[in-house]
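User: Hello! Please take a close look at the charged side chains for me, with their partners and their surroundings, and keep it connected.

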Amino acid sequence: MKKAVIFGAGGFIGSHLVKAMIAEQSYFPVCIDRTSDKLQLIAGGSGFEFHELDISTQSEKQEELVKDADLVIDLIAYANPHLYLKIPLEVVELNLFENLKIADLCEKHKKRLIQFSTSEIYGMSDGTEVPFNEDETNLILGPVKNQRWIYSCAKQLLERMLYAKGQKGKLDYTIIRPFNFVGPEMDFLVREDSKDIPRVFPGFMSALLFNHPLKVVDGGKHFRTWTYIDDAIDAVMRIVNAPEQCKNDTINIGTKGNEISVSAMASMMVEMYEQITGKNSVSLLEEVDGLEFYGEGYEDCDRRIPDDRKMKRLGWDPQYNLEETFRTTMEYYIQTYATEQQASASS
Ligand code: NAD
Ligand code: UGA
């Protein structure tokens, strides 16, 4: 069986991708990450190879694995906005420079690379440019002092380097721009008022499970478009299995109709929580100022809607609407963390 070397396989998207590859039996997953906890939880304990590696220190092993691969997929990044302001230089070091080394290995050993970028590459939008088109939409970022955009800028430069390599016939790549995927084991749950801030869904889910306020930034006026992880992985596998059609192309993955404001999302999650558990939630919505919540340099984009024509041409037909996306994910978390939740409630 062909081998897929998956950098960052232990993460949220990676662990669900490995599970799908094991089921499809098209590629054998060779997983690289610093941890395999989520892989065990989501993909189970067998059907893949795991190498505990920190790509910023162990390059020889990486080259050995890439040389033996039929396909390379790179998911490694700091992908949490809280970190863009907390460790901006490390975000560039990892998301650009370390990722570029993976692309250089693929170029050297003539391996196809599927590189995960982000919908955040489109930067700020006052809502007039949506839906975002991969080849036409301008990429507009806030001022340098607003360091939130260092992530988007690092991803953009990586994309431009891959594009240039492709133009010179040096690299066969496909870039994926995910639009807010959500599903089991995304980021981490916060049990008390910790300094670490996960992305919004795990943040709100933590608040509901462990009875603290849902912190809604700047009135929750920003909008996001959500894709359930199973639909997202179906899209990724279509790209994996269509090398010629996707060669040297950039593709949005997002469920166009699943847009909601953060404030409406918070209210919907409280309501769903009460329906699923049959209990009244004690968690309240607490409005927080973005600069206080994230720190200096925070800025946000109003809307992110994907132009999904390229994925539709690959036969992609997402099955989960907004309600099903959130209900399915919340049912998983409530079921999986109920016992811990009861313990915390009684303490
Ligand atoms: P994640 O944080 O769950 O996964 C990233 C993985 O990379 C983690 O398992 C982490 O351990 C690993 N990693 C980080 N530094 C490493 C190092 N030095 N050596 C080895 N492994 C290392 O993130 P995710 O949500 O699965 O996102 C995966 C990719 O998709 C990222 O490139 C992210 O920018 C992109 N993306 C994700 C979303 C989303 O909705 N989840 C949206 C847009 C873009
Ligand atoms: C994220 C990350 O940048 C990447 O994972 C990825 O590149 C991008 O999503 C994407 O999916 O393409 P963002 O959507 O801003 O970006 O991440 P969140 O932290 O989930 O924030 C979403 C919105 O919720 C923002 O408006 C934020 O201010 C708000 N938020 C976040 C809250 O109101 N409360 C919280 O506790 C957390």
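Analyst: **Charged side chains and their partners**

R238 is partly exposed, with a relative accessible area of 30% (buried means under 20%, exposed over 50%, and partly exposed in between, using a 1.4 Å probe on protein chains only). Please keep in mind that this is a predicted model, in which local features need pLDDT of at least 70 and side-chain atom pairs count only at pLDDT 80 or more, while totals for chains, interfaces and linings use all residues. Residues are numbered from 1 along each chain as its sequence is written, chains are lettered from A and ligands numbered from 1 in the order in which they are written, and side-chain values use heavy atoms, leaving out hydrogens and water.

The partner of R238 is D234: the two form a salt bridge whose closest N and O atoms are 2.9 Å apart. A salt bridge here is a side-chain nitrogen of Lys or Arg within 4 Å of a carboxyl oxygen of Asp or Glu, and by this rule the count comes to 21. D234 and R238 are four residues apart in helix α8 (residues 229-240), so about one helical turn separates them. Helices (H or I, at least four residues) and strands (E, at least two) are DSSP runs, numbered from the N terminus. D234 is also partly exposed, at 31%.

Another pair sits beside the ligand. The side chains of D187 and R199 meet in a salt bridge of 2.6 Å, N to O. Both residues belong to the loop between β7 and α7, twelve residues apart. D187 counts as buried because its relative accessibility is 16%, whereas R199, at 25%, counts as partly exposed. D187 also has a positive phi, near 55 degrees, in a residue other than glycine.

R199 faces ligand 1 as well: one of its polar side-chain atoms lies 2.9 Å from an oxygen atom of the ligand.

Next, E259 and R303 meet through their side chains in a salt bridge of 2.7 Å, N to O. E259 lies in strand β12 (residues 259-261) and R303 in the loop between α10 and α11, so the pair ties together parts that are 44 residues apart in sequence. R303 counts as partly exposed, at 26%.

The loop between α10 (290-294) and α11 (309-313) also holds E299. What is the nearest side chain of opposite charge to E299? That is K145, 6.6 Å away, and E299 is buried yet has no salt bridge; Lys and Arg count as positive and Asp and Glu as negative, with His and the chain ends not counted. The side chain of E299 does make a polar contact with that of N146, at 2.8 Å (a pair of N or O atoms within 3.5 Å, one able to donate a hydrogen and the other to accept it within protein, where residues adjacent in sequence count only if both atoms are side-chain atoms). Beyond its neighbours within four places in sequence, E299 is in contact (heavy atoms within 4.5 Å) with residues including M124, R148 and W149. R148 in turn belongs to a salt-bridge network with E120, R224, D300 and R304.
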